[in-house]
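Please keep the sequence and the model in view while reading.

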Amino acid sequence: MAVRNLLAGADGAAGPSPEHELSPDDVRRITLRAQGFLGADGRRGGVAGVLRRVAAVQLDTISVLARSHELVAYARLGAVGRDVVERAYWHPGKPTAFEYWAHAACVLPIADWPYYAARRRRIRERGQRWHQVSQRACDEVLARLKAEGPLTATQLGGAKAGGPWWDWSEVKIAAEWLLDTGQAVCVRRTGWRRVYDLPERAIPEPLLRHEPDDAECLSYLVASTARALGVATHADMTEYQRLNWNGFQPVKAAMLDEAAAAAGLTPVTVTGGKRPVPAWADPEALAWLDAGGRGTHRTSLLSPFDSLIWDRKRTLRMFGFQHGLEAYVPKEKRVHGYYTMPLLAGGRLVGRVDPARSGRTLIARHVMLDKAAATAPMARALAEAASWVGCDSVRAERVSPALLAEPLAAALKAEGLS
């Protein structure tokens with residue numbers, strides 16, 4: 001499969017010259033495989049392999065069955081120990097990952113440190129992010145990190161200034177600014193607290209020494225997005241890494257095309273909509289598709305922050321599934337629930353559940369199923385999730401549509417659950 005160079009058009013604008021037409025079903029299967037939900041490749045390398053595959057694992061404070069970064073590994077690998085997940089992300093010895101801004105606050109492979117340099121530069125040029133920064137406080141934090149080693153915000157003097165959650169102390173503002181600009185780094189958490197360290201102590205020296213320009217950073221992140229999704233449109237590329245947020249502002253289509261071509265991606269056309277859409281694909285993913293694209297689908301519940309579905313427009317386009325998080329919606333206005341987890345089965349999103357725990361019981365506060373055939377996969381997914389979090393029973397409080405309550409109960413019973 002030859003990769004044709006870009007650059008076409010009388011105006012000299014960059015644009016993909018497509019050699020492949022991909023149907024929506026092709027895109028869905030390629031993405032499922034790239035994200036680790038189709039075929040055996042998604043389980044290779046364990047938790048570290050998952051991180052390399054998806055390129056960014058989003059962090060979030062909410063914990064229902066588990067925190068989102070643990071759920072991402074679980075969804076692909078099954079009942080891997082939560083302590084195994086934590087050790088893989090926050091290796092106690094040699095750092096294998098770091099935390100920084102990608103799609104949101106994310107765990108990122110340590111090898112990707114140099115390629116967020118463009119974002120670090122843009123933030124530094126802006127002069128502040130959410131809070132006004134005190135240079136004196138920054139100097140004091142750096143001095144303490146140098147003298148005392150890695151420290152949490154609490155050890156530095158406290159994260160809160162005494163007001164609401166966003167009312168940070170001066171030392172917390174300084175520590176976060178240093179993290180944003182690359183003068184400090186987080187390669188470990190203790191509990192849910194960031195541990196701040198100096199890059200020269202935590203980042204391998206060859207990575208620390210490499211300072212790519214903006215074009216190289218963009219090309220690298222575009223390539224990692226294409227590998228993580230298998231195939232990506234301009235909008236997909238921009239959203240996966242939030243390229244127009246804190247860096248690369250504004251990212252135009254021609255820039256993305258130049259970056260994709262420089263990274264060796266293959267131009268494709270995605271059909272099935274009102275009009276064909278140009279996109280770029282990972283050549284290895286296209287080779288897999290051309291070879292038959294076979295594999296076993298994973299059945300699992302997904303974190304609302306899973307990278308497979310964090311782009312709501314793409315999720316709707318690819319699965320016909322309206323995804324949203326209602327945790328911050330007033331209870332009386334919620335349609336699906338507080339922390340609704342979509343059900344992936346057979347390569348489709350076929351339902352969702354709002355889970356909770358009470359002792360050794362996993363409570364499915366609201367189970368929503370698209371069709372009767374989804375009852376068995378939902379029961380299987382609930383049984384696996386219950387076992388993973390140490391529960392030995394499942395109680396479904398509400399099922400929609402109600403006529404599927406009895407079939408779901410029977411499917412749960414078949415899984416050995418009451």
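A residue counts as buried under 20% relative accessible area and as exposed over 50%, while partly exposed covers the values in between. The model discussed here is predicted.

**Backbone angles in loops**

Arg242 has a relative accessibility of 30% and therefore counts as partly exposed. Its place is the loop that joins helix H12 (234-240) and helix H13 (253-262). Ala55, with 4% relative accessibility, counts as buried. Ala55 belongs to the loop between helix H2 (46-54) and S2. Neither residue is a glycine, and the phi values are positive, as the table shows.

| Residue | Phi | Relative accessibility |
|---|---|---|
| Ala55 | about 75 degrees | 4% |
| Arg242 | near 45 degrees | 30% |

Pro401 is located in the loop between strand S16 (399-400) and helix H17 (405-414).

**A three-stranded sheet**

Three strands form an open sheet in the order S2-S4-S3, and their pairing is antiparallel. Strand S2 (57-58) and strand S3 (97-101) each have a single partner strand and stand at the edges, so one side of each has no neighbour in the sheet. Two bridges link S2 with strand S4 (residues 105-109) in the antiparallel sense. Within this sheet, Gln58 stands opposite Cys106 in S4.

Technical notes: Residues are numbered from 1 along each chain as its sequence is written. This is a predicted model: local features need pLDDT of at least 70, side-chain atom pairs count only at pLDDT 80 or more; totals for chains, interfaces and linings use all residues. Side-chain values use heavy atoms; hydrogens and water are left out. Two strands pair if DSSP finds at least two bridges between them. Helices (H or I, at least four residues) and strands (E, at least two) are DSSP runs, numbered from the N terminus. Buried means under 20% relative accessible area, exposed over 50%, partly exposed in between (1.4 Å probe, protein chains only).
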